[in-house]
Amino acid sequence: MPDDLFPWLSSKAAPRGGGFQVEPFTPAVGLANPHAQTLFAAAWKGQRGVSFQRTRIDTPDGDFIDMDLAVVAGVDLPPDAPVALLLHGLEGSARRPYALTMYRQLAQRGIRAAGMNYRSCSGEINRTARSYHAGATDDVALAHAWLDSRFPSVAKGMVGVSLGGNMLLKYLGERGGEMSIRLRAAVAISPPFDLALDGEQLNQGLSQRYVAHFLASIQAKLRAKAELLRPLIDLERALAARTLREIDEAMTAPLHGFASAEDYYARASSRRYLAGIQVPTLILRAADDPLISSADIPHDLLQLNGALLGVITPQGGHVGWIEGRPLAWRFWAQRQAAVFLARYLHVKRDA
């Protein structure tokens, strides 16, 4: 494996326990293009055999969060099996194709999984004007508390994908040592580090097509909650938005207590919280990610924190990393995540 593929991988940068190494990644035949990787992974429907047990959590402000406990066909996990919580991406859900693949990979390694659906993302519009955002870790804390209550005496981990990766890193960093007691390990897949910089990336070239998809979904929800939102935000401006920065300026910031979109990006970006992370955490990014700028990667901060293992592959797209051949595709990122979590969740604290 060429050393220059993983410039942060060193004994200094290795997470506590050390020794973990990712497998090399080679794009699948015909899927070398980053957009092909990204779109194919998002549309892939081949991972069947996963059903769900849904639980609704009532929030302190009168809203709700839906949790999906994954049940993988053919895998019978014991009551004391470790469990991992998954945080999905922007306008996604706990039942996206990448999530189904993740649940299967975890189950095959003896780990149960539950997915958190953010407010308005479970298939039902939430009750309050509030939505979710990249820094909404108070809701992540509620989901984590539910996991602790539902599985009180088992080892736990977390996986965050895209926007969920930002939420995960922020959650771990702002709570520091508390998380090293409650979690054994975590994985962030395609997380943004600098939301302002990454917003600029989304305004360029083909990346604008992803923005159109996100905006259509967000604005449909705004229309569904128009009467709740109109007294609180400039609804017409939000519905006319054509970039994520515009929607964040018109809706995300005022609705969630930020002074502006710039204030939201500064306070919610995961970069700000990396130094505080004490849980062994694997971070996977592709240098050709079409949604996130490679310029946002804080190499210095990742090297300084021994709990973080940052891996950048030259190719892979955004939450892509599809390898193999047609009809024999494999999902590299989810496999690395599952192997990493299994390494920590199946080891006793005193081992």
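A helix, as the word is used in these legends, is a DSSP run of H or I that is at least four residues long, and helices are numbered from the N terminus. The structure shown in every view is a predicted model.

View 1. Y210 lies in helix α7, which covers residues 207-224. With a relative accessible area of 10%, Y210 falls under the 20% cut-off and therefore counts as buried. Once residues up to four places away in sequence are set aside, Y210 touches H35, T38, L39, P290 and L291. One of these residues, H35, is also joined to Y210 by a polar contact of 2.8 Å between the two side chains. By contrast, R182 is 28 residues from Y210 in sequence, and the C-alpha atoms of the two residues are 36 Å apart in space.

**View 2. T38 in helix α1.** T38 has its place in helix α1, made up of residues 34-43, and T38 is buried, with a relative accessible area of 7%. Its side chain reaches the backbone oxygen of P34 at a distance of 2.8 Å. When neighbours within four places in sequence are left aside, T38 is in contact with Y210, P290, L291, G317 and H318.

**View 3. The largest nonpolar core and L172.** In soluble globular proteins, nonpolar side chains tend to be buried together. The largest nonpolar core of this model has 48 residues, and the members that touch the most others are M67, L85, L87, M116, Y118 and L172. Helix α4, which spans residues 163-175, gives the most to this core, contributing six residues. L172 touches M179, L183, A186, G276, I277, V279 and T281, if residues up to four places away in sequence are not counted.

**View 4. The packing of helices α10 and α11.** Helix α10 (residues 244-255) packs against helix α11 (residues 261-268) at an angle of about 90 degrees, and the axes of the two helices are 8 Å apart. Angles of 65 to 115 degrees count as roughly perpendicular, and α10 and α11 are therefore described as roughly perpendicular to each other. On the side of α10 the contact is made by L244, R245, D248, E249, T252 and A253, while α11 takes part through A261, E262, Y264 and Y265. Sorted by class, the residues of this contact between α10 and α11 are five nonpolar, one polar and four charged.

Technical notes:
Residues are numbered from 1 along each chain as its sequence is written. This is a predicted model: local features need pLDDT of at least 70, side-chain atom pairs count only at pLDDT 80 or more; totals for chains, interfaces and linings use all residues. Side-chain values use heavy atoms; hydrogens and water are left out. Axes are lines fitted to C-alpha atoms, for helices over the stretch in contact, and angles run from 0 to 180 degrees between N-to-C directions. Angles under 35 degrees count as roughly parallel, over 145 as roughly antiparallel, 65 to 115 as roughly perpendicular and the rest as oblique. Contact means heavy atoms within 4.5 Å. Ala, Val, Leu, Ile, Met, Phe, Trp, Tyr, Cys and Pro count as nonpolar, Asp, Glu, Lys and Arg as charged, and the others, Gly among them, as polar. A nonpolar core is a set of buried Ala, Val, Leu, Ile, Met, Phe, Trp, Tyr and Cys residues joined through side-chain atoms within 4.5 Å. Buried means under 20% relative accessible area, exposed over 50%, partly exposed in between (1.4 Å probe, protein chains only). A polar contact is a pair of N or O atoms within 3.5 Å; within protein, one must be able to donate a hydrogen and the other to accept it, and residues adjacent in sequence count only if both atoms are side-chain atoms.
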